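Thanks for asking me to look at this one. Here are my notes, as numbered points you can check against the coordinates.

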Amino acid sequence: MAHPPVILIDPETWKLLAPEAFDADRSERRPIRRAGLGLAAAMALIALGIWSGLWTPSLTATGEAGGAHEAGSSSAWVEYQVRNERAMAVTIDGAGTIDVPGVEIIRASTIGAVPGLDTGSLHVDFRAVDCAAVGDDDHTFTAERVTVTARTWRGDVPVTIGNVGDMLSSMASEMCSR
């Protein structure tokens, strides 16, 4: 077998084919560096805004709760200890929803603002509107999430509070069994 012919390129041709410089000169690097730093600063500010709760608050129930209802009444209240997972304070005031059929949240409110990265109290007034859907004393439904309205700089936004346990659904079931 014959080897393919070796193509020789003279140095003058290489000079014509090679780029003038592999690196941008100093005057071209400065605007590129500034644009990169500006982009990095903008991304850091966006991340800080998300983490701080500036855009979306984040609350989690700590598991501590208490509540009461009157015998023969279809309404009751529960108070949860909630942890604000963001740096900005959160105020809750207004109606809410819960993932328990037959239960309606009348009003949910914090007692003052819940400070950033701290705990506070969330008071929830609710009522059983459909006892057939609530279930029996076996506590068929467990409340895992409560969605309430938080007041922020951009208006009222829905906030889902996780880990609320089964106290609210247990009380609703108890109200319906009487």
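1. A word on terms before the details: a residue counts as buried under 20% relative accessible area, as exposed over 50%, and as partly exposed in between, using a 1.4 Å probe and protein chains only. Helices (H or I, at least four residues) and strands (E, at least two) are DSSP runs numbered from the N terminus. Please keep in mind that this is a predicted model, where local features need pLDDT of at least 70 and side-chain atom pairs count only at pLDDT 80 or more, while totals for chains, interfaces and linings use all residues. Residues are numbered from 1 along each chain as its sequence is written, and side-chain values use heavy atoms, with hydrogens and water left out.

2. Eight of the eleven residues in H4 are buried, which leaves the helix mostly covered. The buried set is Leu168, Ser169, Ser170, Met171, Ala172, Ser173, Met175 and Cys176. These buried residues pack against S1, S2, S3, S4, S5 and helix H3 (131-134).

3. Next, the nonpolar core, meaning a set of buried Ala, Val, Leu, Ile, Met, Phe, Trp, Tyr and Cys residues joined through side-chain atoms within 4.5 Å. The largest one holds 31 residues, and Ile92, Val103, Phe126, Ile161 and Leu168 have the most contacts inside it. H4 gives the most, with five residues. In soluble globular proteins, nonpolar side chains tend to be buried together.

4. Which residues does leucine 168 contact, leaving aside neighbours within four places in sequence? With contact taken as heavy atoms within 4.5 Å, the partners of leucine 168 are Val78, Tyr80, Ile98, Val103, Val124 and Phe126.

5. Serine 121 sits in strand S5 and is buried, at 16% relative accessibility. The side chain of serine 121 makes a polar contact with that of glutamine 81 at 2.9 Å. A polar contact here is a pair of N or O atoms within 3.5 Å; within protein, one must be able to donate a hydrogen and the other to accept it, and residues adjacent in sequence count only if both atoms are side-chain atoms. Residues touching serine 121 from beyond four places in sequence include Glu79, Ser109 and Ile111.

6. On to charges: a salt bridge is a side-chain nitrogen of Lys or Arg within 4 Å of a carboxyl oxygen of Asp or Glu, and the count comes to five. Arginine 151 and aspartate 93 form one of them, at 3.5 Å from N to O. Arginine 151 lies in S6 and aspartate 93 in S3, so this bridge ties together parts 58 residues apart in sequence. Arginine 151 also meets aspartate 156, at 3.8 Å. Asp93, Arg107, Arg151 and Asp156 are linked in a salt-bridge network. Within it, arginine 151 is partly exposed at 45%, whereas aspartate 156 is exposed at 51%.

7. Another salt bridge joins aspartate 99 and arginine 145, with the closest N and O atoms 3.7 Å apart. Aspartate 99 is in the loop between S3 and S4 and arginine 145 in S6, 46 residues away.

8. Finally, do look at leucine 117, whose phi is near 55°, a positive value in a residue other than glycine. Leucine 117 is in the loop between S4 (103-110) and S5 (119-128) and is partly exposed, at 41% relative accessible area.
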